[in-house]
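Q: I am new to this structure, and I would like to learn how to read its features one by one. Could you take me through them slowly?

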Amino acid sequence: MTAQAQKSELLFSGADWDFKKLSRVYDEIEAIGVEELRLDIYPVQMEVISSEQMLDAYSSVGMPLMYQHWSFGKHFLYNELLYRKGRRGLAYELVINSNPCIVYLMEENTMALQALVTAHAALGHNHFFKNNHLFRQWTDAGGILSYLEFAKGYISRCEERHGLAAVEAILDSAHALMEQGVFRYHRPPKPSSEQQREGIRERLEYEERFYNDLWRTLPSSQEADKAGALEPGMEERKKSLNLPEENLLYFLEKNSLVLEPWQREIVRIVRVIAQYFYPQRQTQVMNEGCATFVHYTLMNTLFDRGRISEGAMLEILRNHSNVIFQPSFDDPRFSGINPYALGLDMMQDIQRISTEPTAEDRDWFPDIAGRGDWLDTLLDAWANHRDESFIRQYLSPTLIRKWRFFVLGDGADKPHYEVASIHDERGYKRIRAALAQSYDWGASRPDIQVVDVALLGDRHLRLQHLVKNGITLENDSRDATLRHIRNLWGYEVSLAAIDAETGATLSERWTKDC
Amino acid sequence: MPIFIDRRLNPKDKSLSNRQRFLKRARAELKRSVRNQVREGRIAEVDREHAVPMPRKDITEPTFSDAGDSGRRQHVLPGNRTYIPGELIPKPGRGGMGSSSPGNKESEDDFRFVLSREEVLDLFFEDLELPDLVKLNLKQILTFKPKRAGFAASGSPTNINVGRTMRNSHGRRIALGRPKQAQLDAIARQLAALEAQPPDTAMRERIMALREEFDHLERRRRRIAFVDPVDIRFNRFDPQPQPNASAVMFCLMDVSGSMGEREKDLAKRFFVLLHLFLTRRYERTDIVFIRHTHEAKEVDEETFFYHTQSGGTVVSTALEEMHRIIEQRYPATEWNIYAAQASDGDNFATDSERCIELLGGKLMRLCQYFAYVEIIDERESHIFGSTENGTSLWRAYSTVDGKWPNFQMKRIAAPADIYPVFRELFARQPALRKSA
């Protein structure tokens, strides 16, 4: 009798899942998540898919809808090969930052795994998508699916009208610039065209009203004279084109001299998608850490309340520890820092600092040590940080020691690596800074900007690559990418490598030479 | 409660068109790999899936990326054991720790993906300039005939298997205890007998009880159907390839020194095409390889294409060998005999007469079809293209050509020339099908 009573307490038993069980588990998990962790989530839409469909989703950058392009076919072949050869397993789930939040569940998963995945994706990721400021600012979760649908339809209509080859050429070129197609530092200018026209009209009126011929007779200052003599009108031109511009796709879309309206729209589509993914690139550790922390906490709560069996819990824990496995640097399995592991460790560390701090923690984190409000701290971190700032703020000496982090200096011209810092008193801050720096996605990518355009002359587009720490661009891919820019711009393009520290021009590459 | 959507039944192969776009993009390179495989592989192996290496050209997706061999970086790594600050660690050669870009390319190299049979044939046909109808014919798989293969729980009403259905129904009726008609009849008889006698209370109760039982049985009979949908079984049919007669294909080739790499490659493509054609039409296709210099010998495929042998050229020896093999192993009554001969046309002048004699006298009667291709230099093609002049073998065969409709001859200088040799063969195909 007692056994039966206990059994009815369980949310599920056995490995098989069905929709009723999924629903029951979701309701339970959601209730706990909202109650205990104060999660705030989009409504959830769970979709069960087969492994082949998962492969499909992989190849179209994880989106349920995507326009067609050969590169997706190529990625599909790679993924399929890796999967078929058993070199790589498929993810158990895929989650899309949309409203409602779409979670893909693999049909092969056991019920225990589905519960784990539900907590991980439908609660953890979902909360992060809805609350993190980067996602709130840069992505429109409500509109992304309909935008993709529009993009898919638009591009296929273009293919019908202008031919596959023409559309493919534009997409190829735009894809090459996807990384340079995001606004890193400011929001895109967004006045509607009507407002814009209104503004221009007002300004002209104002200028007319206050025009005074006398101003013309003023002698110009020496400074301005010099610049003007050097290159007349450069300042004005730069101002009117909003130069320098770091978003190459945006610049080309707005200012290219050869693109037709449909081509501009395609460039815009690629840019919008690039911008949509930009927050995900910057919050890998946080996003996965948040989801892992949430599933770990929720699953343990469920187990403590006797809602899942020991067998299921064991399976969950086994999968959990696979996910957060971190081999050390000299292990053959090492392939970089596991964001799941680092994220979870940091968040659990915040919990520890908050509840049972050491003297060291009190020194390092006077704001949160021993205050017991770890959940507030975490919710605040999830909402307001990205990887770089999160690590800079919260990586504790305890964790550095636990991970035995060390910094390796790598000069290309030297035959040795040099160990710069290890987990000791002098090293903590440096390791933390270096690790944070390596997660600053924007800073770790080549910094390339449009600096000038010879609008009156040969319409030559000048780009500038700010060379930091002497890291130059790889030659072949640089030339190929420049050719793509030339396709979009229509005229000569040059890329100057400028040393960030000295300001000296290191080299200049023209499209006519490559 | 979340929304659930079961997507498993959605159409698969969402990426199929992306795959096709990708193949189209890498076409030149894929074509080269398929052609290499055809050159190196066996004739019969063309007609199947091929694994090809991932193409490299035209499918790169360039982006601005940092050069691994420049500048100064810092790597943060976990798992320090013994290192102390300032320690120097020798770099483990290029492509080691940290710089990821050099390692990438090599790992992509051993990627091989599978082209479907259709895609392989498409690439193989590319410069053979086959008409579309022929391509379609060759790509088709054998015709299938449905063959009985057990039972299925679903199917069309015409395929109901009555015997099996009734057996299931019977078993179910026994298991569920469906009352038999005889039981009901017995009760009815009893009732009739009782009702005929003068009624009293005991009798009335007995009648009531019997009526009740009768009703109960009747209801039960109605509820447990005689034949229930779960009983029904259908005959299942499996598509079986249509049994066709067997064919044997003789490949004859001159392997004397004058046949170079290019000539052999063209000859091979010619043989492949004939083989493809034959496998479409016959369930079983044997290939016999006979190579000759001044003496002929049956060899395996490997030897046929790759081993050289020095010597003169006596074509008739090959024809004699073919005749011998036919007599021994392939009686013309059971086998459709096809022959394809490739040569550069050199022959001993006196031997050509003997060839005419052999063909006209014996072989042409046995063969369904005999195709002769003479592989010539591309520079000569416009000289020899239309004239009757030519090598001694060509002149000799021309007389055979006139007499026998199933004899074809053609000079080949480029892959596109191969198909016209077969034109007759393909054109006759529909007629042959009907008769078969």
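Q: What percentage of the 514 residues of chain A count as buried?
A: A residue is buried if 20 or more other C-beta atoms, placed from the backbone, lie within 10 Å of its own. In chain A, 41% of the 514 residues count as buried. This is a predicted model, in which local features need pLDDT of at least 70 and side-chain atom pairs count only at pLDDT 80 or more, while totals for chains, interfaces and linings use all residues. Residues are numbered from 1 along each chain as its sequence is written, and chains are lettered from A and ligands numbered from 1 in the order in which they are written.

Q: Which domains is chain A divided into?
A: Domain bounds come from an automatic or database domain assignment. For chain A this gives domain 1 (9-132 + 283-313) and domain 2 (330-442), with centres, taken over C-alpha atoms, that are 27 Å apart.

Q: How many residues of domain 1 of chain A are in contact with domain 2 of chain A?
A: Two residues are in contact if their C-beta atoms, placed from the backbone, lie within 7 Å. Here 16 residues of domain 1 of chain A are in contact with 17 residues of domain 2 of chain A.

Q: Which helix supplies the largest share of the side of domain 1 of chain A that touches domain 2 of chain A?
A: Helices are DSSP runs (H or I, at least four residues), numbered from the N terminus. On that side of domain 1 of chain A, helix H5 (111-131) and helix H14 (284-304) each supply at least two residues, and the largest share, nine residues, comes from H14(A).

Note on methods: Buried ≥ 20, exposed ≤ 12 C-beta atoms within 10 Å, placed from the backbone.
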